[in-house]
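User: I would like to learn how to read salt bridges in a model. Please give the general idea, then the case here.

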Amino acid sequence: MELPRRKFFHLAASSAALPFIVRFAWAQSYPARPVRLIVGAVPGSAPDVIARLMSQWLSERLGQTFVVENRNGASGNLAAEAVVRAQPDGYTLLLASASNAINATLYDNLNFIRDIAPVAGVVRFPMVITVHSSFPAKTLPEFLASAKATPGKINIGTPGIGSPQHVAGELFKMMTGANIVLIAYRGGPPAISDALSGQIQGVIGTVLLTIEHIRSGGLRPLAVTGTVRSELLPETPTVSEFVPGFEASQWIGIGAPKNTPKEIIDRLDHEINSGLADASIKARIIDLGGTVLPGSPAEFGEYIADETAKWGKVIRFADIKPE
């Protein structure tokens with residue numbers, strides 16, 4: 001009886017190990033065909049540039065083409081929905097962003113955390129609070145004093161309602177009590193145009209979008225919204241230097257449909273983090289005004305959860321409704 005029993009346990013152990021072996025072999029052969037990276041932004045935008053930068057890196061490292069597919073619309077929800085509905089096989093990925101975390105509260109029946117598996121963070125883009133060069137305030141404390149002295153009279157432009165820049169402005173109002181008026185435009189360039197012409201007093205935008213006008217003297221930077229000063233604006237303080245605990249970034253990472261095999265997610269994460277450690281990619285991200293966001297899938301998942309909770313509080317506090 002001993003031999004049959006041993007054979008039984010041997011076969012049972014082999015059967016239990018078989019799914020792992022199959023998944024491991026699948027991951028080792030991945031990708032066997034082109035991979036789509038869905039981007040909820042227009043070509044030439046910062047998310048699109050990052051998507052193409054990482055797609056080129058992954059194509060070179062993994063020996064298959066990673067194709068960027070732009071599906072702009074509905075504040076990034078069209079792109080997210082396409083990935084949620086895709087097969088969880090690693091061949092359809094999402095360029096996830098802060099907008100996805102914001103939309104989880106802003107729109108009904110969305111659950112980004114539940115439906116998308118985190119793969120890897122890529123970059124954080126700080127924003128910058130600026131005013132027209134003729135505006136009297138030259139520092140953030142002076143700006144706050146001016147807002148207190150003239151409540152409801154300072155108009156600051158942002159991209160559309162629910163954009164990272166817009167909710168960053170609402171977070172600023174919530175944490176400082178500043179009675180400023182946020183005016184949401186259809187994109188950053190129209191807001192900057194009105195700020196430069198003096199129709200509004202300032203704008204909250206990404207460093208990348210505002211840097212040209214800051215350098216030319218049209219806009220004056222008061223503070224950046226990240227946790228550290230921007231390498232492109234080293235003399236500009238962070239908001240948190242005056243408002244402890246304040247932070248707001250337009251972050252970008254990679255996600256996949258839920259139930260994508262862990263082995264594939266881990267392989268993608270490894271290659272993406274290798275890219276973030278590459279000197280040329282780091283330099284390119286700095287040129288774009290960002291900082292790298294490395295880490296494991298679990299760490300990226302925790303980051304997304306924290307961001308979703310933070311922006312949920314702001315949206316409810318300010319009673320923000322989608323357009």
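User: Which helix holds Glu 170 and Lys 173, and how many residues apart are they?

Analyst: Some ground rules come before the case. This is a predicted model, where local features need pLDDT of at least 70, side-chain atom pairs count only at pLDDT 80 or more, and totals for chains, interfaces and linings use all residues. Residues are numbered from 1 along each chain as its sequence is written, and side-chain values use heavy atoms, with hydrogens and water left out. Helices are DSSP runs of H or I with at least four residues, numbered from the N terminus. Glu 170 and Lys 173 lie three residues apart in helix 7 (residues 164-176), which means about one helical turn separates them.

User: What joins the side chains of Glu 170 and Lys 173?

Analyst: A salt bridge is a side-chain nitrogen of Lys or Arg within 4 Å of a carboxyl oxygen of Asp or Glu. Glu 170 and Lys 173 form one, at 3.9 Å from N to O.

User: Are Glu 170 and Lys 173 buried, partly exposed or exposed?

Analyst: Buried means under 20% relative accessible area, exposed over 50%, and partly exposed in between (1.4 Å probe, protein chains only). Glu 170 is buried at 13%, and Lys 173 is partly exposed at 22%.

User: How many salt bridges does a search of the whole structure find?

Analyst: The search finds 13. Among them, Asp 115 pairs with Arg 114 at 2.9 Å, N to O; Asp 115 is buried at 15%, whereas Arg 114 is exposed at 51%. Asp 319 and Lys 321 also form a salt bridge, with their closest N and O atoms 3.4 Å apart, and both residues are exposed.

User: Which residues do salt bridges with shared partners join into one network?

Analyst: Arg 36, Glu 69 and Arg 71 are joined in that way.

Notes. Helix = DSSP H or I, 4+ residues; strand = E, 2+ residues; numbered from the N terminus.
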